[in-house]
Amino acid sequence: MDIGKRADRVKAIMTDPVFEELMAEVKSDQVAIFLAPDATEGQIAEARLLIRAMEHLTDRMQRVLHDARMAERKTKKRP
């Protein structure tokens with residue numbers, strides 16, 4: 001897929017209110033596990049992994065947007 005089109009799709013996903021809401025809900029659920037006094041070590045470890053996976057996903061999405069901006073700058077500089 002063309003980098004520009006990919007970036008457009010990623011941007012649409014990242015700014016989608018439903019996506020934002022779902023990400024916030026999942027993160028909130030995992031933070032609640034951290035704060036729960038009866039949470040087991042396994043539950044805490046799983047919550048930590050899930051939050052890290054979500055961060056990895058958003059980092060990757062940001063990288064796609066960054067790469068598209070860099071590609072656009074390179075094409076503008078060419079004569």
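Guide: Helices (H or I, at least four residues) and strands (E, at least two) are DSSP runs, numbered from the N terminus. This is a predicted model, in which local features need pLDDT of at least 70 and side-chain atom pairs count only at pLDDT 80 or more, while totals for chains, interfaces and linings use all residues. Residues are numbered from 1 along each chain as its sequence is written, and side-chain values use heavy atoms, with hydrogens and water left out.

Visitor: Which helices each supply at least two residues of the lining of the largest pocket?

Guide: A pocket is read on a 1 Å grid over the protein atoms alone: it is an open set of points where a 1.4 Å probe fits, with protein on both sides within 12 Å along at least five of seven lines, and lining residues have an atom within 4 Å of a point. In this model, helix 1 (3–14) and helix 3 (41–77) each contribute at least two lining residues to the largest pocket. The lining consists of Ile3, Gly4, Ala7, Asp8, Lys11, Leu65, Ala68, Arg69, Ala71 and Glu72.

Visitor: Is alanine 7 buried or exposed?

Guide: Buried means under 20% relative accessible area, exposed over 50%, and partly exposed in between (1.4 Å probe, protein chains only). Alanine 7, in helix 1, counts as buried because its relative accessibility is 5%. Leucine 65, in helix 3, is also a lining residue, and its relative accessible area of 13% makes it buried. By contrast, lysine 5 of helix 1 is exposed at 55%.

Visitor: Where does alanine 39 lie?

Guide: Alanine 39 belongs to the loop between helix 2 and helix 3. With 18% relative accessibility, alanine 39 counts as buried.

Visitor: How many salt bridges does the structure hold?

Guide: Side chains of opposite charge can pair when their charged atoms come close. A salt bridge is a side-chain nitrogen of Lys or Arg within 4 Å of a carboxyl oxygen of Asp or Glu. The structure holds one, joining the side chains of glutamate 72 and lysine 76 at 3.3 Å, N to O. Both residues lie in helix 3, four residues apart, about one turn of the helix. Glutamate 72 is partly exposed at 44% relative accessibility, whereas lysine 76 is exposed at 62%.

Visitor: Which residues form a nonpolar patch on the surface?

Guide: Patches are made of residues with over 30% relative accessible area and no salt bridge: like charges are joined within 9 Å, nonpolar side chains (Val, Leu, Ile, Met, Phe, Trp, Tyr) within 5 Å. Accessible areas come from the Shrake-Rupley method with a 1.4 Å probe, and for residues only the protein chains shown count as cover. Here Val31, Phe34 and Leu35 form such a nonpolar patch, with about 270 Å² of accessible area together. Phenylalanine 34 is in helix 2 (residues 17–35) and is partly exposed, at 31%.
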